[in-house]
Amino acid sequence: MAKADLHTHSTASDGTDAPGDLARLARDRGLSCFALTDHDTTAGLEEAAAAAKKLKVTFVPGIELSASPDLDAAGSGNVVRVADEDLQGPADLNRRGNLHLLGYHIRQDAPGLTRIARQQQRAREERNPAIIEKLQSLGVSIDYDEVLEAAGGENGTDLQGVSVGRPHIAQVLMTKGYVKSIHEAFLKYLGVGGAAYTRRDRLSAMAAIEAIHAAGGVAVLAHPVQMALDHAGVEHAVARLTTLGLDGLETRHSDHEPADVHRLTALADRYDLIPTGGSDYHGSRKAIQLGDVVCPDQTLERLARAAEAYR
């Protein structure tokens, strides 16, 4: 049976391994297959695919799109705009969590996906300096050049096409001793409610799913626990996303406890979604290792069949 990790990141977004190094690492970790799912970019796919072919490791081209967790606005257009005051209520968990959609077997040059990736990049580029300004106003000694250097990765990757984001800012905060972990950086400064949090307009879930499908890909809800919803809330979100064309559910993830896996597997069965799994490997930025979480049996075959339907 194939052993596959379907959730990894490289220096093209916020990982610390170059895309081409992931194939060798996957082989060394005993994997027969891996997917590269960088945040809002396909910049690393060509390099990763070439390395995987050379090493005879099966490769699944992917992406992870950040979408708005406001599913009630999912059908209103490509972008969901949420006012800052709407994010301040602690009970409004649907707006506080993350909603990320994984796309598998995508064509990296698909026009719609390319357009959305550029849109997401521009949103990050506009938000990042605003975060730095807020941090500086709080007495944090940080400048954007340090963030760009962190985004270059351990291998000195060229920044062209790299998705620079909050994890890179968190890395600088940790390196300089302002926080002890990436998690603390988001909790204290960068996440919703953090002292330097800066809102950005989000892609609607509908637009994200449609772009993945138009690129010949299969749309999967990533790490549902990160939506910060109770069990009923997660099921409601999954049901809503299914009406928008969701194909799969990431049932296995490094943030999922065994009870989560059990509940999410049952949820995938209930809504006829493909169960997927992966480590969410980011290199040295997280303790999780490539291959620590792998996808369920039959997942690769089901993903391939579903992708055929969109081509």
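Trainee: Leaving aside its neighbours within four places in sequence, which residues is Q171 in contact with?

Mentor: A150, I182 and R285. Contact here means heavy atoms within 4.5 Å. Bear in mind that this is a predicted model, where local features need pLDDT of at least 70 and side-chain atom pairs count only at pLDDT 80 or more, while totals for chains, interfaces and linings use all residues. Residues are numbered from 1 along each chain as its sequence is written, and side-chain values use heavy atoms, with hydrogens and water left out.

Trainee: Why is Q171 called buried?

Mentor: Buried means under 20% relative accessible area (exposed is over 50%, partly exposed in between, with a 1.4 Å probe and protein chains only). Q171 has 18%, so Q171 counts as buried. Its place is in helix α6 (residues 166-175).

Trainee: What makes a stretch a helix or a strand?

Mentor: Both are DSSP runs, numbered from the N terminus: helices are H or I with at least four residues, strands are E with at least two.

Trainee: Why are F34 and F59 called a tilted aromatic pair?

Mentor: Rings of Phe, Tyr and Trp (its six-membered ring) pair if their centres lie within 6.5 Å; planes under 30 degrees apart are stacked, over 60 edge-to-face, and the rest tilted. F34 and F59 are 5.2 Å apart centre to centre, with 55° between the planes, so they form a pair, and a tilted one. The structure holds 1 such pair. F34 sits in strand β2 (residues 33-36) and F59 in strand β3 (residues 58-67), 25 residues apart, so the pair links distant parts of the chain.

Trainee: How do you know whether F34 and F59 are buried or exposed?

Mentor: F34 has a relative accessible area of 0%, so F34 is buried. F59, at 16%, counts as buried too. In β2, F34 and L36 point one way, C33 and A35 the other, and all are buried.

Trainee: What makes β2 and β3 a strand pair?

Mentor: Two strands pair if DSSP finds at least two bridges between them. Here 4 bridges join β2 to β3, which run parallel, so they qualify.

Trainee: Which residues have the most contacts inside the largest nonpolar core?

Mentor: L101, L221 and L241, in a core of 47 residues. Helix α8 (residues 205-214) gives the largest share, 6 residues. A nonpolar core is a set of buried Ala, Val, Leu, Ile, Met, Phe, Trp, Tyr and Cys residues joined through side-chain atoms within 4.5 Å. A second, separate core of 20 residues includes I131, A151, I182 and L190.
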